[in-house]
Amino acid sequence: MRIVIQRVSSAAVTVHDICKSSIREGFVILVGIEEADTREDADWLSKKIVNLRVFDDEQGVMNKSIVETGGNILLISQFTLHASYRKGNRPSYIKAAKHEIAVPLYTYFIKRLNEDLGKPIQTGEFGADMKVTLVNDGPVTICMDSKNKE
């Protein structure tokens, strides 16, 4: 699983001109799932996300986690994170998981984030054409891949 985390002061996702979800302070997380991904990948990423210390403490140092600040999460599925761009100029998405693998793992990832964060997260709509708006705070943007655990 590959993710892009952006620390935000606000964010929203719209599907068919209707706001599906919105958050105040927290993370917008784009997630791409590939064929080889498992629940263990989701477990590892969820723990990393909720314990990531990128929020300011009382001294203005990035030393607090999203759990400690009471922040929110907006999770957006994004198969294009697994784009292969080595040959030509049109990306290939052959490594991105098909729906029968991606949807159950995405659903499981939501469940794990809900549990690890200690409250419900917000989501987009899997496979939909979504419009995501956000105010990146910092900016702070971090990329993670569960295949690079070391």
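Q: Which residues line the second largest pocket?
A: Arg2, Thr80, Leu81, His82, Ala83, Ser84, Tyr85, Arg86 and Lys95 line the second largest pocket. A pocket here is an open set of points on a 1 Å grid over the protein atoms alone, where a 1.4 Å probe fits, with protein on both sides within 12 Å along at least five of seven lines, and lining residues have an atom within 4 Å of a point.

Q: Before we go on, what sort of model is this?
A: This is a predicted model, where local features need pLDDT of at least 70 and side-chain atom pairs count only at pLDDT 80 or more, while totals for chains, interfaces and linings use all residues. Residues are numbered from 1 along each chain as its sequence is written, and side-chain values use heavy atoms, with hydrogens and water left out.

Q: OK, back to that pocket. How does its lining divide into nonpolar, polar and charged?
A: The lining of the second largest pocket has 3 nonpolar, 3 polar and 3 charged residues. Ala, Val, Leu, Ile, Met, Phe, Trp, Tyr, Cys and Pro count as nonpolar, Asp, Glu, Lys and Arg as charged, and the others, Gly among them, as polar.

Q: And what volume does the largest pocket have?
A: The largest pocket has about 350 Å³, while the second largest pocket holds about 190 Å³. A volume is the space filled by probe spheres set on the grid points, which are joined across faces, edges and corners.

Q: Which residues lie nearest the centre of the largest pocket?
A: Those are Ser77, Gln78, Phe79, Gly127 and Met130, out of 21 lining residues. Strand 3 (26-32), strand 6 (72-77), helix 3 and strand 8 (130-145) each give two or more residues to that lining. Helices (H or I, at least four residues) and strands (E, at least two) are DSSP runs, numbered from the N terminus. The lining of the largest pocket divides into 14 nonpolar, 6 polar and 1 charged.

Q: Switching topic: is Glu34 buried or exposed?
A: Glu34 is buried, because its relative accessible area is 8%. The cut-offs are under 20% for buried and over 50% for exposed, with partly exposed in between (1.4 Å probe, protein chains only). Glu34 sits in the loop between strand 3 and helix 1.

Q: What does Glu34 touch?
A: Leaving out residues up to four places away in sequence, Glu34 touches His82, Lys95, Ala96, Ala97 and Lys147. Contact means heavy atoms within 4.5 Å.

Q: What about Ser65, buried or exposed?
A: Ser65 counts as buried, because its relative accessibility is 5%. Ser65 lies in the loop between strand 5 (62-64) and helix 2 (66-69). Not counting residues up to four places away in sequence, Ser65 touches Val50, Asn51, Leu52, Arg53 and Phe55.

Q: Where is His16, and is that residue buried or exposed?
A: His16 is in the loop between strand 1 (2-15) and strand 2 (18-23). His16 is exposed, with a relative accessible area of 65%. Its phi is near 55°, a positive value in a residue other than glycine.

Q: And Asp17, buried or exposed?
A: Asp17 is exposed, with a relative accessible area of 78%. Asp17 lies in the loop between strand 1 and strand 2, and its phi is near 65°, a positive value in a residue other than glycine.

Q: Last one: which residues does the cis peptide bond join?
A: The cis peptide bond joins Gly138 and Pro139, with omega about -5°. Pro139 is in strand 8.
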